[in-house]
Amino acid sequence: MGKKPLGFIRNKLNKSNVILSLTILFVILVIVVGLVVFRFNILKYNVQTDDKEYDKYYVMITDNYKSDFWQEIYKGAFEAAQEQNIYVDLLGDNLPTQYSCEQLMKIAIASKVDGIMVYANESDKMTELINNAEEDGIPVVTLYSDNTHSNRLSFVGVGSYNIGREYGKQIVNIMKNKDNNEYDEDGTVKGVATTDIAILVNSDDQETGHNVLISAIKDAIEQGKPEGTDFSFSIITIDNTNAFSVEESIRDIFLADDIPDVIVCLNELNTVCAYQALVDFNKVGEADILGYYDADAIIREIEKGTVYATIEIDTTQLGRYCIEALSDFYAFGNTNQYYTADVTLINRENVERYLKMKEAQQDE
């Protein structure tokens, strides 16, 4: 075949360059529009909101802003902030795409907010971001999960040791009420009854507080376990990339030949997925679930007997303590390094009393 004319080749190159240029322009336009949308959503507090201007603008950052647990914490922070003419935004709630805590931290820092409350972790990236915010004059409160190596202003959370002790006491009760002994044909006990306990921990969770909690569980069991009984511990890692992966990880537990006698859940989503799997696999009565948080759905399962007990966290306190820490910093230049919210155990014995008390509070 003959060579193509030079003019033809030039035309092809020109067309390719035009297409490439248009593609680049389109990408730049999308980025610019995206930034404008971000700025509009994040900085809208600067304009009058409900015909009111606020003195300061704080943001709360979490990995699961849709959960009841985080919505209640946000509500507590929002109401406390309103009393001081401060606006609090649950960052990511109004954005079209779900972003990680680290990505939302970058957005908050770039937007020069007045304060950040973040569900942190011990990763180097989170440490760097918290320190960057502090260098830019933005105080950061770590919320519910800490980053101990950073220059964060304060940590607002719960007492892991106290929660562990409460879980441990419930496991002792389970051990007393269950006979896990193996017997010979003549009825003689073959060995020590062992209760298998599984702790569900998220794959991205590096919180040292869980080590304290697990240690407290073990201490409480050692002190209270019935004579002739023993226990074994296992840590099961849950893939918490998304809600579907959490569900799959927990269902895998129930697909095994032997399931744990007690499953301890350390957040709301794991609790819900655990009791749903228990029902789906027809294992109710074979395993006891110790849950986390007092969502209405979890409380109903305690009434049914599907969930053995759960931990109620004073979410209003968590939210209010965050605002208190930031406000103290602006007023006095410093604040407490640690704030601890109250916790209460809810089980089958006190669930009815708990519901009556909650109903009375709502009627006030």
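Let's start with Cys265. In this predicted model, Cys265 is buried, because its relative accessible area is 0%. Its closest cysteine sulfur belongs to Cys273, and the distance between the two sulfurs is 9.0 Å, which is too far for a bond. For anyone new to the term, a disulfide is a covalent bond between the sulfur atoms of two cysteines. The cut-off used here is a pair of cysteine sulfur atoms within 2.5 Å, and 9.0 Å is too far.

Now take it from the other side. Cys273 is in no disulfide either, with the sulfur of Cys265 as its nearest cysteine sulfur, 9.0 Å away. Cys273 also counts as buried, since its relative accessibility is 9%. How many disulfides does a search of the whole structure find? The count is zero.

Next, the chain as a whole. The protein chain has eleven helices and twelve strands. It has 364 residues, and 47% of them are buried. Now consider contacts between residues at least 6 apart in sequence: of these, 70% join residues at least 24 apart.

Cys273 takes us to one of them, as it is among the residues of helix 8 that touch helix 7. Helix 7 covers residues 243-255 and helix 8 covers residues 268-280; they pack at an angle of about 45°, and their axes are 9 Å apart. Helix 7 is therefore oblique to helix 8. The crossing of these two is right-handed. On the helix 7 side, the contact uses Ala243, Val246, Glu247, Ile250, Arg251 and Phe254. On the helix 8 side, the residues are Leu269, Asn270, Cys273, Ala274, Ala277, Leu278 and Asp280. Sorted by class, the contact of helix 7 with helix 8 has nine nonpolar residues, one polar and three charged.

Helix 8 has another partner, helix 9, which spans residues 296-304. Here the angle is about 40°, with the axes 10 Å apart. That again makes the pair oblique, helix 8 to helix 9. Is the crossing of helix 8 and helix 9 left-handed or right-handed? Helix 8 passes helix 9 in a left-handed crossing. Helix 8 contributes Glu268, Thr271, Val272 and Tyr275 to the contact, and helix 9 contributes Ala297, Ile298 and Glu301. By class, the contact of helix 8 with helix 9 comes to four nonpolar, one polar and two charged residues.

While we are at helix 8, look at the loop between helix 8 and strand 9, residues 288-292, where Asn282 lies. Asn282 has a positive phi of about 55°, although it is not a glycine. Asn282 counts as exposed because its relative accessibility is 64%.

One further helix pair: helix 2, residues 68-82, and helix 10, residues 315-332. They pack at about 45°, with axes 7 Å apart. Helix 2 and helix 10 are therefore oblique to each other, and their crossing is right-handed. The contact involves Phe69, Glu72, Ile73, Gly76, Ala77, Glu79, Ala80 and Ala81 from helix 2. From helix 10 it involves Thr315, Thr316, Leu318, Gly319, Arg320 and Ile323. The residues of the contact of helix 2 with helix 10 divide into seven nonpolar, four polar and three charged.

Last, the loop between strand 4, residues 140-143, and strand 5, residues 154-158. Tyr144 sits in that loop. Tyr144 is not a glycine, yet its phi is positive, about 75°. Is Tyr144 buried or exposed? It counts as buried, because its relative accessibility is 13%.

Asp146 is found in the loop between strand 4 and strand 5 too. Asp146 counts as buried because its relative accessibility is 7%. Which residues does Asp146 touch, leaving aside its neighbours within four places in sequence? Those are Ala120, Asn121, Glu122, Arg152 and Phe155.

To finish, Glu134, which lies in helix 4, residues 124-135. Glu134 is partly exposed because its relative accessible area is 39%. Glu134 and Asn151 are 17 residues apart in sequence, and 6.8 Å apart in space from C-alpha to C-alpha.

Definitions and conventions: Residues are numbered from 1 along each chain as its sequence is written. This is a predicted model: local features need pLDDT of at least 70, side-chain atom pairs count only at pLDDT 80 or more; totals for chains, interfaces and linings use all residues. Side-chain values use heavy atoms; hydrogens and water are left out. Axes are lines fitted to C-alpha atoms, for helices over the stretch in contact, and angles run from 0 to 180 degrees between N-to-C directions. Helices (H or I, at least four residues) and strands (E, at least two) are DSSP runs, numbered from the N terminus. Angles under 35 degrees count as roughly parallel, over 145 as roughly antiparallel, 65 to 115 as roughly perpendicular and the rest as oblique. A crossing is left-handed if the near helix is turned anticlockwise from the far one by less than a right angle, and right-handed if clockwise. Contact means heavy atoms within 4.5 Å. Ala, Val, Leu, Ile, Met, Phe, Trp, Tyr, Cys and Pro count as nonpolar, Asp, Glu, Lys and Arg as charged, and the others, Gly among them, as polar. Buried means under 20% relative accessible area, exposed over 50%, partly exposed in between (1.4 Å probe, protein chains only).
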